[in-house]
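The sequence and the structure are shown first.

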Amino acid sequence: MTVKKRPKHLDLPKIRLPMPGFVSILHRISGAGMFLFLPVLLYLLQLSLGSPESFEDFRAIVAHPLSKLVLLGLLWALLHHLCAGIRFLALDLHLGIGLKQARHSSAAVLVVSLALTLILGVKLW
Ligand code: HEM
């Protein structure tokens with residue numbers, strides 16, 4: 001019996017991920033990122049609600065450009081995760097599962113989430 005040699009593509013940098021795969025990876029990264037930042041966000045919430053003095057501390061922290069950059073990243077994470085999550089739920093209902101439609105919807109997730117991040121980010125910065 002001959003054993004068929006299957007091609008192995010375990011060299012990660014050489015793997016060309018299709019766009020739906022890219023969106024899927026970003027969905028996981030954004031979900032994990034938001035989860036990891038929950039303590040920071042809860043701390044900021046506590047500062048903002050604690051007292052007038054702690055509210056001033058909160059304002060000083062979020063006014064720092066580095067904090068704004070992190071918050072912008074978290075905003076993108078939420079918007080990407082939201083858009084990709086809705087896409088996954090639609091796929092679970094067997095909506096848009098054709099290859100062409102799946103490619104289009106993954107491109108739409110990337111464009112819409114980046115556009116919303118830009119619009120909201122400019123307003124909030
Ligand atoms: C904004 C509304 C949200 C929607 C519509 C949504 C939707 C989803 C969906 C559908 C999945 C399952 C994806 C799959 O089938 O593999 C998922 C996974 C996940 N979500 Fe969300 N989610 C939302 C918000 C959040 C938030 C706020 C967090 C974190 C604080 C979060 C963290 C995660 C994580 C860690 C996973 C597992 C990712 C993985 O292992 O691939 N999600 N989400």
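In this predicted model, consider the contacts between residues at least 6 apart in the sequence of the protein chain: 71% of them join residues at least 24 apart. The elements behind this pattern are four helices, with zero strands, and their order from the N terminus on is α-α-α-α.

The overall dimensions of the protein chain can be stated in two ways. The C-alpha trace spans about 75 × 30 × 25 Å along its principal axes. The radius of gyration is 20 Å, whereas a compact globule of 125 residues would have one near 14 Å. As to burial, 13% of the 125 residues count as buried.

The account of the helices may begin with H1 and H2. Helix H1 covers residues 19-50 and helix H2 covers residues 52-63; the two pack at an angle of about 135°, and their axes are 6 Å apart. Because the angle between them falls in the range that counts as oblique, H1 is oblique to H2. Their crossing is left-handed. On the side of H1, the contact is made by Leu 44, Leu 47, Ser 48 and Gly 50, and on the side of H2 by Ser 54, Phe 55, Asp 57, Phe 58, Ile 61 and Val 62. Sorted by class, the residues of this contact are six nonpolar, three polar and one charged.

H1 also packs against helix H4, which comprises residues 99-124; here the angle is about 45° and the axes are 8 Å apart. H1 and H4 are therefore oblique to each other, and their crossing is left-handed. H1 contributes Met 19, Pro 20 and Val 23 to the contact, while H4 contributes Ala 102, Arg 103, Ser 106, Ala 107, Val 109 and Leu 110. Seven of the residues in the contact of H1 with H4 are nonpolar, one is polar and one is charged.

The next pair is H3 and H4. Their packing angle is about 145°, with the axes 9 Å apart, and H3 passes H4 in a right-handed crossing. From H3, the residues in contact are Leu 72, Leu 75, Trp 76, Leu 79, His 80, Cys 83, Ala 84 and Arg 87; from H4, they are Ser 105, Val 109, Val 112, Ser 113, Leu 116, Thr 117, Leu 120 and Gly 121. By class, this contact of H3 with H4 has 10 nonpolar, five polar and one charged residues.

Leaving aside residues up to four places away in sequence, Ser 105 touches Arg 87 and Gly 96. Ser 105 and Ala 60 are 45 residues apart in sequence, and their C-alpha atoms are 40 Å apart in space.

Lys 68 is located in helix H3, and because Lys 68 has 14 C-beta neighbours inside 10 Å, it counts as partly exposed. From C-alpha to C-alpha, Lys 68 and Gly 121 are 9.2 Å apart in space, although 53 residues separate their positions in sequence. Val 70 is likewise placed in helix H3. With 14 C-beta neighbours inside 10 Å, Val 70 counts as partly exposed. The C-alpha atoms of Val 70 and Glu 53 are separated by 23 Å, and these two residues are 17 residues apart along the chain.

The loop between helix H3, which spans residues 65-92, and H4 contains His 94. What is the phi of His 94? Phi is near 65° in His 94, a positive value in a residue other than glycine. Regarding its surroundings, His 94 has 7 C-beta neighbours inside 10 Å; since 12 or fewer is the condition for exposure, His 94 counts as exposed.

Key:
Residues are numbered from 1 along each chain as its sequence is written. This is a predicted model: local features need pLDDT of at least 70, side-chain atom pairs count only at pLDDT 80 or more; totals for chains, interfaces and linings use all residues. The radius of gyration is taken over C-alpha atoms; the globule rule is 2.2 Å times the number of residues to the power 0.38. A residue is buried if 20 or more other C-beta atoms lie within 10 Å of its own, exposed if 12 or fewer, and partly exposed in between; C-beta atoms are placed from the backbone. Two residues are in contact if their C-beta atoms, placed from the backbone, lie within 7 Å. Axes are lines fitted to C-alpha atoms, for helices over the stretch in contact, and angles run from 0 to 180 degrees between N-to-C directions. Angles under 35 degrees count as roughly parallel, over 145 as roughly antiparallel, 65 to 115 as roughly perpendicular and the rest as oblique. A crossing is left-handed if the near helix is turned anticlockwise from the far one by less than a right angle, and right-handed if clockwise. Ala, Val, Leu, Ile, Met, Phe, Trp, Tyr, Cys and Pro count as nonpolar, Asp, Glu, Lys and Arg as charged, and the others, Gly among them, as polar.
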